[in-house]
Amino acid sequence: MGLDVGSVLSDTFRMLGRRFWPMLGLWAIFLVVQIVALFVMGGAIGVSGMMAGGPESMGAGMIVLVVVFYLIFFMINFAQSASLSHMASSLHDPGLGDSLNAGMRSAPTLLGVTVLFMIAYFVVTIPLAMIVALLARAAGGITVLLVLALIPLAIYVTCRLILINQVVSIERIGNPITAITRSWTLTSNNVLPIFAILVIFGIGSLVLLGVVAAPLFAAVSNAAPGTVPGFAAVGIFSIFGMFIVFVVLGLAWAAVGSAIHAALAGHVDRDSIDAFA
């Protein structure tokens, strides 16, 4: 199925406008969960350190706690991302609880996908680094060309795997390998329009951030000792504005991914692909 850039952008802003507040609610819920997890894990590490006579006395125990902390942090972020994608999809009309459950259900699968990507990264980069090192000794120019050639390859792979979040959360695919192959299948012959959408959204995001940050940069360049109060007010306004923009952009990027998925998937055949039921 061919991807129409204009239709995807239109669907993105339509769904973002229609479901902005539920998406913002999901974002806020997971923010609270992150804060609570931070305090709980920080307290656990602190208490364990005191009981052991200091963090340096914990040894492997400290390493385990830190690994668990980061694992929980990543799982919460995976769940947040999946829940936002689920809510932003035009293929269904979920409630807040539905998307919240979809996010939590999807987190283990997305963790499995990440582990597979890490394995693939090391499998590919270690031999590639050895080849680059050998070529660097023979001819430095060839090495530069090889590195430059990897950029379009990375863009291509990114465009082909961009829908993993959506196929896991919306199509309820629980197998990490199946999720990867499903995204690869959906994006077939659509790399260029997907790349165009990402470029348009990326430029728009940078412009929006620049507009909000412009007063701060102007205040910094024109700051004088007698204008410190004004500079502080502008700085606070810009920082708060950038925070709002980052939140909105996070929701928008979730919406554009779901819009691409909706355009390519067309519908969700749960009877054939539901791996969580």
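Predicted model: local features only at pLDDT ≥ 70, side-chain atom pairs only at ≥ 80, totals over all residues.
Let's begin inside. In soluble globular proteins, nonpolar side chains tend to gather together in buried places. Here, the largest nonpolar core holds 44 residues, and M23, I164 and I260 are the ones that touch the most other members. Which elements give two or more residues to this core? They are α1 (5-18), α2, α3 (60-88), α4 (96-138), α6 (164-169), α7 (176-186), α8 (191-221) and α9 (228-265). Helix α9 provides the largest share, 10 residues.

Leaving aside neighbours within four places in sequence, I164 is in contact with L110, V113, F117, A179, I180 and S183.

Now move to helix α2, which covers residues 20-51 and includes Q34. Is Q34 buried or exposed? Its relative accessible area is 18%, and buried means under 20%, so Q34 counts as buried. What does Q34 touch, if residues up to four places away in sequence are not counted? The answer is F73, I76, N77 and Q80.

Next come the aromatic rings. A pair of them is described by two things, the distance of the centres and the angle of the planes. How many aromatic pairs does a search of the whole structure find? There are 9. One of them joins F20 and W21, with 5.1 Å from centre to centre and 80° between the planes, an edge-to-face arrangement. W21 has a relative accessible area of 64%; exposed means over 50%, so W21 is exposed.

Another pair is made by W27 and F243. Their ring centres are 6.1 Å apart and their planes meet at 65°; an angle over 60 degrees counts as edge-to-face, so this pair is edge-to-face too. W27 is buried because its relative accessible area, 19%, falls under 20%.

Two more spots complete the walk. F13, F201 and W253 together form one aromatic cluster. Finally, look for W184: R160 lies over the face of this ring, at 4.1 Å from the ring centre.

Key:
Residues numbered from 1 in each chain as written. Heavy atoms only, no water. Helix = DSSP H or I, 4+ residues; strand = E, 2+ residues; numbered from the N terminus. Buried < 20%, exposed > 50% of the residue type's maximum accessible area, 1.4 Å probe, protein only. Contact = heavy atoms within 4.5 Å. Core = buried A, V, L, I, M, F, W, Y, C linked by side-chain atoms within 4.5 Å. Phe/Tyr/Trp six-rings, centres within 6.5 Å; stacked < 30°, edge-to-face > 60°. Lys NZ or Arg CZ within 6 Å of the ring centre and 35° of its normal.
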